Amino acid sequence: MAKTHTSRGRAQDRARVAGGQDHEVKYAAEKEGVSKNTVKKAVKSVGNSRKKVEAEIGRH
């Protein structure tokens, strides 16, 4: 029997920034117009919630 796929995991995954994943950090940096280092510092500071990271970047 085939497993039924849901979109539950995708929405949760998109709501996070994985600070250890270079491609995710690069995407967030390009989207916000900042350096990858700035994104990594924001993730360390406020956690991996995409909304919180974007808000933290906006403060600087």
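Predicted model: local features only at pLDDT ≥ 70, side-chain atom pairs only at ≥ 80, totals over all residues.
## A walk around helix α3 and its neighbours

Select Val39, Ala42 and Val43: these are the buried residues of helix α3. Look down the axis of α3, and its buried residues fall within an arc of 100°, so they line one face of the helix.

**Stop 1**

Which exposed residues does the face turned away from the buried side carry? Select Lys41, Lys44 and Ser45 to see them. Then go back to the buried residues of α3 and show what covers them: the cover includes α2 and α4. Step just past the end of α3 to glycine 47. Here the backbone takes a positive phi of about 100°.

**Stop 2: where α2 meets α3**

Show α2, residues 22-32, together with α3, residues 36-46. At what angle do the axes of α2 and α3 cross? They cross at roughly 105° and come within 8 Å. That makes α2 roughly perpendicular to α3, because angles of 65 to 115 degrees count that way.

Select the contact next. On the α2 side, pick Asp22, Val25, Lys26, Ala28 and Ala29. On the α3 side, pick Lys36, Val39 and Lys40. Colour this contact by class, and you get four nonpolar, no polar and four charged residues.

**Stop 3: the salt bridges**

Some of the charged residues are paired. Side chains of opposite charge can pair when their charged atoms come close. How many salt bridges are there? The count comes to three.

Start with lysine 36 and aspartate 22. Their closest N and O atoms are 3.2 Å apart. Lysine 36 lies in α3 and aspartate 22 in α2, so the pair ties together parts that are 14 residues apart in sequence.

Next, select arginine 50 and glutamate 24. Their side chains meet in a salt bridge, with 4.0 Å from N to O. Arginine 50 sits in α4, residues 50-59, and glutamate 24 in α2. The two are 26 residues apart, so this pair links distant parts of the chain. Check the burial here: both arginine 50 and glutamate 24 are buried.

Finish with glutamate 54 and lysine 31, which form a salt bridge of 3.0 Å, N to O. Glutamate 54 is in α4 and lysine 31 in α2, so the pair ties together parts 23 residues apart in sequence. Glutamate 54 is partly exposed, at 26% relative accessibility. Lysine 31 is also partly exposed, at 46%.

**Stop 4: both sides of α4**

Move on to α4. Which residues of α4 are buried? Select Arg50, Val53, Glu56 and Ile57. Seen down the axis of α4, these buried residues fall within an arc of 130°, so they line one face of the helix.

Zoom in on glutamate 56 in α4. It is buried, with a relative accessible area of 11%. What does glutamate 56 touch, not counting residues up to four places away in sequence? Its contacts are Ala42, Ser45 and Val46.

**Stop 5**

Step back to serine 49, in the loop between α3 and α4. Serine 49 is buried, with a relative accessible area of 17%. Leaving out residues up to four places away in sequence, it touches Ala15 and Arg16.

End at arginine 14, in helix α1, residues 8-14. Arginine 14 counts as exposed, at 59% relative accessibility. What separation do the C-alpha atoms of arginine 14 and lysine 51 have? They are 10 Å apart, although the two residues are 37 residues apart along the chain.

How values were computed
Residues numbered from 1 in each chain as written. Heavy atoms only, no water. Helix = DSSP H or I, 4+ residues; strand = E, 2+ residues; numbered from the N terminus. Buried < 20%, exposed > 50% of the residue type's maximum accessible area, 1.4 Å probe, protein only. Arc of directions from axis to C-beta. Contact = heavy atoms within 4.5 Å. Axes fitted to C-alpha atoms, helices over the stretch in contact; angles between N-to-C directions. Parallel < 35°, antiparallel > 145°, perpendicular 65-115°, else oblique. Nonpolar A, V, L, I, M, F, W, Y, C, P; charged D, E, K, R; others polar.
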